[in-house]
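Open the model in your viewer and keep the sequence panel beside it. The tour goes from the whole chain to single pairs of residues.

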Amino acid sequence: MIANAVTCLIAHWFQQCYIEVEFRERQATPRMTDNPLKPSPEIKKVALGISGGIAAYKAAEVLRGLQLAGCSVRVAMTKRACEFIQPLTLRALSGAHVIVDDYALDNPDPIAHITFSQTVDLFIVAPATANIIAKFANGVADDFLTSTYLACTAPVLIAPAMNPTMWHHPATVRNLSQLRKDGVRIVDPDSGEMACGTIGPGRLNDPERILAAALELLAKGRVTQDLADERLLITTGATREELDPVRFISNRSSGRMGFAIAEAALSRGAEVSVVAGATSVNSPKGVRVTRALSAHEMHEAVMKKLPKATVFIGAAAVADYRPAQRAATKQKKSQSSLVLTLERTRDILGDVASARTNGLLVIGFAAETNDVLFNAQEKLRTKNLDAIVANDVTRIDAGFDSTENAITILVRDGQGPLELPLMSKLEAAHRILDEIVRLRAKTETSAVAGL
Ligand code: CTP
């Protein structure tokens, strides 16, 4: 009888705890949706662990970046980390209880190390000290963060930070090698002057880089088939406008962004066809690619394929001008100077938008060096597009010929620019596709409402 009453009491108490945890989780989500930068339709849950190093304060930037990218974030800290940054700061930013000691009476979840690690899509530790790395590598579970690591079923990403001597120590090298074998993704620290005055590798990598690696891991786990009804036609790469049989005018585009969109769309169930100019990277497996080197050839190929497409994305860097004359033989350097006459090429994107029928969605790119948003907005309007992806091509870490991109998406009749942080081109591609899914839903709703 007494045993029954005690069991009921414990059961009731556990239920209360779960209600509390569930309530807090539900509270955290609206914070994301309140964000002026719209979240991904599929909110990803991330556990962010912080261990005790001088770089602990940078974890707040990682947290904000994750939130801006549409993730819901819960935070756990080691006791030492709390000496560098207050849990209250992370609680205010994440909108949820920060777990330091799961035995503490104020911890709302009695088995937090399990719920925390097994309901998330990604577990990040930034900064990860030499101590936490050693514990992870050897399966030590003597506090909340280390027990969470052992119980974690999600991909794990760590960003080490420590003194260069500690970083080079054979024990740390051994532990990191073990973690790599265990499947942990590591964002290596970068080099520079440390807080202790030493110069060398060990400084926590840029929060933007940590974020880019995190978003890439999250993108890999994406399985939705939300583009199963769409047929995408994508242009990519640089066009080449020939002057003679050996010389041409071209640009630095590698074709990565268009191919990344093709790869992402294919994984989400779309039928994908790419018309590619000159590219310096391989096309993704399973994507049909038609080569069209000049702006004229690309225009022809696109117009031929257009009737089958439901979405057109112009990611190619198409020449606006081509030589008015192409010499049939290699031109000799007979004159002291040379004046070239160039003529306008057809605007493929503009022509596609003017010819659109049957709910075709038309998305363009705006590669700009100045007044990025203003110029993109103008192209969105004058070319009559559904959306435009703007990027600043003067950035050395993003855009042309880079594996990463920092894009801003502007949507016709949208709520304002969606400015995204630096991320891999594959993740950026997924975010563009998320907007296309939203646009399609919006056009279908308007059609049903007869608008
Ligand atoms: N584009 C196109 N055909 C062209 C030129 C551009 O399809 N002849 C497309 C690009 O693929 C991109 C968009 O138009 O999606 C904008 O390209 P961009 O080079 O940024 O701008 P332009 O329209 O060429 O204008 P400007 O060079 O004056 O900035």
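Helices (H or I, at least four residues) and strands (E, at least two) are DSSP runs, numbered from the N terminus. This is a predicted model: local features need pLDDT of at least 70, side-chain atom pairs count only at pLDDT 80 or more, and totals for chains, interfaces and linings use all residues. Residues are numbered from 1 along each chain as its sequence is written.

Now colour by burial. Of the 451 residues in the protein chain, 43% are buried. A residue is buried if 20 or more other C-beta atoms, placed from the backbone, lie within 10 Å of its own.

Two strands pair if DSSP finds at least two bridges between them.

Go to strand 1, residues 44–50. Six of its seven residues are buried, so the strand is mostly covered. Strand 1 pairs with strand 2 in the parallel sense over seven bridges. Pick Val46; opposite stands Val73 in strand 2.

Cross to strand 4, residues 156–160. Strand 4 and strand 5 also run parallel, paired over two bridges. Here Ile158 stands opposite Ile186 in strand 5.

**A helix pair**

Select helix 2 (residues 59–68) and helix 4 (residues 87–94). They pack at an angle of about 10°, with their axes 10 Å apart. Axes are lines fitted to C-alpha atoms over the stretch in contact, and angles run from 0 to 180 degrees between N-to-C directions. The two helices are therefore roughly parallel to each other, a label for angles under 35 degrees.

Show the contact (C-beta atoms, placed from the backbone, within 7 Å). Helix 2 brings Ala60, Leu63 and Arg64; helix 4 brings Thr89, Leu90, Leu93 and Ser94.

How values were computed. A residue is buried if 20 or more other C-beta atoms lie within 10 Å of its own, exposed if 12 or fewer, and partly exposed in between; C-beta atoms are placed from the backbone. Angles under 35 degrees count as roughly parallel, over 145 as roughly antiparallel, 65 to 115 as roughly perpendicular and the rest as oblique. Two residues are in contact if their C-beta atoms, placed from the backbone, lie within 7 Å.
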